[in-house]
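I opened this entry to log what I looked up in one chain.

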Amino acid sequence: MKRLVILGGGYGGLRIIERVLSPELPDDVVITLVDRMPFHGLKTEYYALAAGTQPESHLRVAFPNDPRLTVKYGEVSAVDMDEQLISFANGDSLSYDWLVIGLGCEDRYHDIPGAQEFTCSIQSMRSTRNTYTAINGLNPYGTVSVIGGGLSGVELAAELRESRPDLNIRIIDRGQSILSPFPKKLQEYASQWFIEHDVQLVSMASVTRIEPGVVYNHNEPVESDVIVWTAGIQANSILRNLPIEKDNIGRAKLNSYHQIPSHPNVYVVGDCASTEIAPSAQTAELQGDQIAMILKLDIKGEMFPTALPPLKHKGFLGSLGKKEGFASMGKVSLVGQMARVIKSGQLWMYKKHMG
């Protein structure tokens with residue numbers, strides 16, 4: 001038997017499994033999914049769990065049930081591409097013929113003293129549970145500082161404002177405006193929403209260090225009961241430790257078929273892969289579609305196409321609480337209730353399809 005191992009049951013890993021588990025999969029090939037959790041976590045919605053507006057059960061999706069698929073739970077400690085062997089923290093090991101690395105990302109702290117030790121995170125289900133406990137254990141009039149005004153920070157702060165109107169909330173961002181990668185219309189709409197909902201926006205910030213309960217902005221102390229970090233990501237440490245070429249945030253540089261050039265039986269998907277478009281769940285799924293197509297050819301020993309089409313996003317969706325949101329679809333920017341309805345509908349369709 002030959003084994004295809006997929007590390008990580010995230011958006012990219014699941015898309016690959018969904019596409020490869022087809023009738024034409026050879027009988028001598030088995031697929032093993034490796035994950036820390038016994039379910040797929042909807043990472044794009046972790047902000048709602050942290051804010052206390054969604055229970056964890058609503059953010060779980062069952063893994064596919066197929067006799068050709070085995071799920072192994074565990075913490076990966078290392079990958080040896082020469083030996084084609086995966087090591088686990090408990091001492092187990094697993095060999096492979098083809099490997100997909102889709103282990104996601106981790107917070108990137110930019111070497112800021114105290115950032116890792118004294119901030120909360122929403123990068124994993126485990127860390128998000130801890131963040132929920134920290135935030136929702138606050139007494140009224142407590143203060144929450146969200147560091148980073150990108151999509152994750154904005155959605156968390158907005159959801160938290162609706163969940164806990166008694167709290168003082170601020171977003172600390174290094175840019176001139178929150179949501180800086182998005183069109184100006186969306187930046188202005190979101191900024192106005194926060195002003196109207198009494199969320200403090202601290203722009204052009206420079207966080208120099210963090211201590212328990214204190215963020216130093218331009219070396220000036222800003223007190224806070226809970227500090228949540230959403231100010232940058234980097235590839236998973238397992239990928240970063242591989243002896244391969246990587247970009248400035250530790251993501252693997254790949255060939256045109258999403259393979260590690262020195263080891264073409266190893267594919268990389270999602271936040272571990274260096275791509276020309278921004279990392280996101282959508283990026284991971286677009287990659288997953290192409291990797292699944294190449295894998296099916298690879299498994300059969302057939303020729304690859306001369307080129308793959310470039311990855312292209314359909315657009316981005318974001319929420320401002322449960323009633324408003326924003327969307328960027330091509331040259332069209334949409335704000336308000338309709339954008340929120342579209343996001344809710346997309347999430348419902350994903351959960352229904354994958355479940």
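**Domains.** I am working with a predicted model. I looked up the domain assignment first. Domain 1 is built from three segments, 2–36 + 74–106 + 233–300. Domain 2 is 110–231. I took the centres over C-alpha atoms and got 32 Å between domain 1 and domain 2.

**Annotation.** I then turned to UniProt. An unreviewed entry carries the annotation "domain: FAD/NAD(P)-binding" for residues 3–288. I checked the secondary structure of residues 3–288 and noted 24% helix and 28% strand. The end C-alpha atoms of that span are 18 Å apart.

**Cysteines.** How many disulfides does the structure hold? I counted 0. C105 is in none, and its nearest cysteine sulfur belongs to C272, 8.1 Å away. From the side of C272, the nearest cysteine sulfur is that of C105. Are C105 and C272 buried or exposed? C105 has 10% relative accessibility, so I logged C105 as buried. C272 is at 0%, so C272 is buried too.

**Helix 1.** I moved to residues 11–20. Helix 1 is mostly covered, with 8 of its 10 residues buried. I listed the buried ones: Y11, G12, G13, L14, R15, I16, I17 and V20. V20 comes up again below, in the lining of the largest cavity.

**Cavity.** How many cavities of 30 Å³ or more are there? I found 1. The largest cavity has a volume of about 50 Å³. Which residues line the largest cavity? I wrote down V20, S22, E24, L25, P26, K296, I299 and K300. Helix 8 (residues 281–300) gives the largest share of that lining, 3 residues.

Key:
Residues are numbered from 1 along each chain as its sequence is written. This is a predicted model: local features need pLDDT of at least 70, side-chain atom pairs count only at pLDDT 80 or more; totals for chains, interfaces and linings use all residues. Side-chain values use heavy atoms; hydrogens and water are left out. Domain bounds come from an automatic or database domain assignment. A disulfide is a pair of cysteine sulfur atoms within 2.5 Å. Buried means under 20% relative accessible area, exposed over 50%, partly exposed in between (1.4 Å probe, protein chains only). UniProt positions are given in the numbering used here, feature names are shortened, and annotations may be inferred rather than shown by experiment. Helices (H or I, at least four residues) and strands (E, at least two) are DSSP runs, numbered from the N terminus. On a 1 Å grid over the protein atoms alone, a cavity is a set of points where a 1.4 Å probe fits but cannot get out, and a pocket is an open set with protein on both sides within 12 Å along at least five of seven lines; lining residues have an atom within 4 Å of a point. Grid points are joined across faces, edges and corners, and a volume is the space filled by probe spheres set on the points.
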